[in-house]
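Student: I would like to learn how to read a structure, one feature at a time. Could you walk me through this one?

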Amino acid sequence: MSGKNLGFGGKLANITPDKDEAVKISDSKVDAIGERHGFVAREPVQKLTRRKPSEPSANLNIRPPVTTFNRFLLFCEQNRMSYPEALKELMDRAGV
C-alpha cells in the first residue's frame, strides 16, 4: 500500500469485519431509548380530520320556480338532508 504513513503501521490490514449478524432492534425500542436521552422525534404529525374523504364536487346552479324550490326545500328539511344529499336521493328514487 502506498501513500502517507498515518501511524497505524500494519494494524489496519489486520482488521476483519464481524461475521455475526447485527442485532435487530425494533423502531419503538430505538425511539424509547432516544426519548430517554432527550432526542425528539422529527416525524411529521398526521392531522386527523372528522370528515370522511369524499369524491370531488362540482357546482350546480339552477333557478327553479319558487313552488318547485319550496317543495325541494321542504323535502330537505323533512328528511334532514343537505341539498346534494336530497338531489342524490331523488335521483336514486327516479332511477336516474
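Student: Which element gives the most to the lining of the largest pocket?

Tutor: Helix 3 does, with six residues. Before we go on, this is a predicted model, where local features need pLDDT of at least 70, side-chain atom pairs count only at pLDDT 80 or more, and totals for chains, interfaces and linings use all residues. Residues are numbered from 1 along each chain as its sequence is written, and side-chain values use heavy atoms, with hydrogens and water left out. Helices are DSSP runs of H or I with at least four residues, numbered from the N terminus.

Student: How much space lies in the largest pocket, and which residues are the closest to its centre?

Tutor: Rolling a probe the size of a water molecule over the atoms shows where empty space is left. A pocket is an open set of points on a 1 Å grid where a 1.4 Å probe fits, with protein on both sides within 12 Å along at least five of seven lines; lining residues have an atom within 4 Å of a point. Here the largest pocket holds about 780 Å³. It is lined by 17 residues, and the closest to its centre are Leu60, Tyr83, Pro84, Glu85 and Leu87. Helix 2 and helix 3 are the elements that give two or more residues to this lining.

Student: How many aromatic pairs are there?

Tutor: Rings of Phe, Tyr and Trp (its six-membered ring) pair if their centres lie within 6.5 Å; planes under 30 degrees apart are stacked, over 60 edge-to-face, and the rest tilted. By this rule there is one aromatic pair. The ring centres of Phe72 and Tyr83 are 5.6 Å apart and their planes meet at 55°, so the pair is tilted. Phe72 sits in helix 2 (residues 66-78) and Tyr83 in helix 3 (residues 83-94), 11 residues apart.

Student: How many salt bridges does the structure hold?

Tutor: A salt bridge is a side-chain nitrogen of Lys or Arg within 4 Å of a carboxyl oxygen of Asp or Glu. The structure holds two. In one, Lys88 joins Asp92, with the closest N and O atoms 2.9 Å apart. Lys88 and Asp92 are four residues apart in helix 3, so about one helical turn separates them. Lys88 is exposed at 51%, while Asp92 is partly exposed at 46%. Arg93 also forms a salt bridge, with Glu89, and there the closest N and O atoms are 2.9 Å apart. Arg93 is exposed at 56%, and Glu89 is partly exposed at 25%.

Student: Which residue other than glycine has a positive phi?

Tutor: Most residues other than glycine have a negative phi. Arg80 has a phi near 50°, a positive value. Arg80 lies in the loop between helix 2 and helix 3 and is exposed, at 77% relative accessibility. A glycine case comes just after helix 1, where Gly38 takes a positive phi of about 90°.

Student: How many residues of helix 1 are buried?

Tutor: Helix 1 (residues 27-36) is hardly covered, with one buried residue among its 10.

How values were computed. Buried means under 20% relative accessible area, exposed over 50%, partly exposed in between (1.4 Å probe, protein chains only). Grid points are joined across faces, edges and corners, and a volume is the space filled by probe spheres set on the points.
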